Amino acid sequence: MQGYIDCHCHISAEEFDSDIDDVIQESKKAGLVALLAVAEHAGEFEKIIQLSQRFPGFVMPCLGVHPVQDPAQPRGALPEDLDAALPLIEKYKEHIVAIGEVGLDFTPRVVNNDAGKVGQRQVLIRQAEIAKQLNLPLNVHSRSAGRPTIHLLKELGVENALLHAFDGKPSVAMEGVKAGYFFSIPPSIVRSDQKQKLVKQVPLESMCLETDAPALGPEKQVRNVPRNISISAEYIAKIKGVPLEKVIEFTTQNALHLFPKLKTFIKA
């Protein structure tokens, strides 16, 4: 299959409410064949499912509870945040391609004590169990928590995971590579030394593409869009010293391998 797969974006964000049709149209024109729409909380689930029905075979839903809740006053996710999500995950289990966005976030402004970290771990453990039961991969967030996240996933016996926008050291990422996990690279690589170092070390065989739109674009504080996926691919090609076509081929095949339901849902 030729074309890009955006393995992690927030197409349900309010930043896209006014021009979603244009954004999707431009994505397709730019060569995208699918994008994985991740959720952050149960309140978003219905909207993501509706978008996947409005743009069938293109918007692929992932449902899960993000480790950070209440953006206005950020706090770590708690088991009760997951309680609201469980009936909806059960309801839409046939339609989703992954459980996500899940993970750990140990940014000090989010959690500054062990209790906050314990709550996040409990939520991730439970969602890893659900993913196993449903035979689905995890779409994983690990800000300021790269090593603890990878160690916990390995401990839980998670085999299929995408670590999105990984912000840890390349040596830590390589522990994930050895465990068989994939790493997706956003367009912010053009302004991130850390992401550039990551791409140097992580093999193409373990790499996917993402935009994390509307965040992590090539320019700070400017709305990111899925069509910017090509920026990620071009920069990876430059760093790796390989043709762009090779990056597209590898990352798309990796995405299809990691998210097998995509093969069924994507419209040729």
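Which residues does A30 touch, not counting residues up to four places away in sequence? In this predicted model, A30 touches Y4 and R227, where contact means heavy atoms within 4.5 Å. A30 is placed in the loop between helix 1 (20–29) and strand 2 (32–37); helices (H or I, at least four residues) and strands (E, at least two) are DSSP runs, numbered from the N terminus. With a relative accessible area of 29%, A30 is partly exposed, the class between buried (under 20%) and exposed (over 50%), for a 1.4 Å probe and protein chains only. The C-alpha atoms of A30 and C7 are separated by 15 Å, the two residues being 23 apart along the chain.

The chain contains 10 helices and 10 strands. Its radius of gyration is 17 Å, close to the 18 Å that the globule rule gives for 268 residues, so the chain is as compact as a globular protein of that length. The radius is taken over C-alpha atoms, and the rule is 2.2 Å times the number of residues to the power 0.38. Of the 268 residues, 56% are buried. Among contacts between residues at least 6 apart in sequence, 73% join residues at least 24 apart.

Residues are numbered from 1 along each chain as its sequence is written, and side-chain values use heavy atoms, with hydrogens and water left out. As the model is predicted, local features need pLDDT of at least 70 and side-chain atom pairs count only at pLDDT 80 or more, whereas totals for chains, interfaces and linings use all residues.
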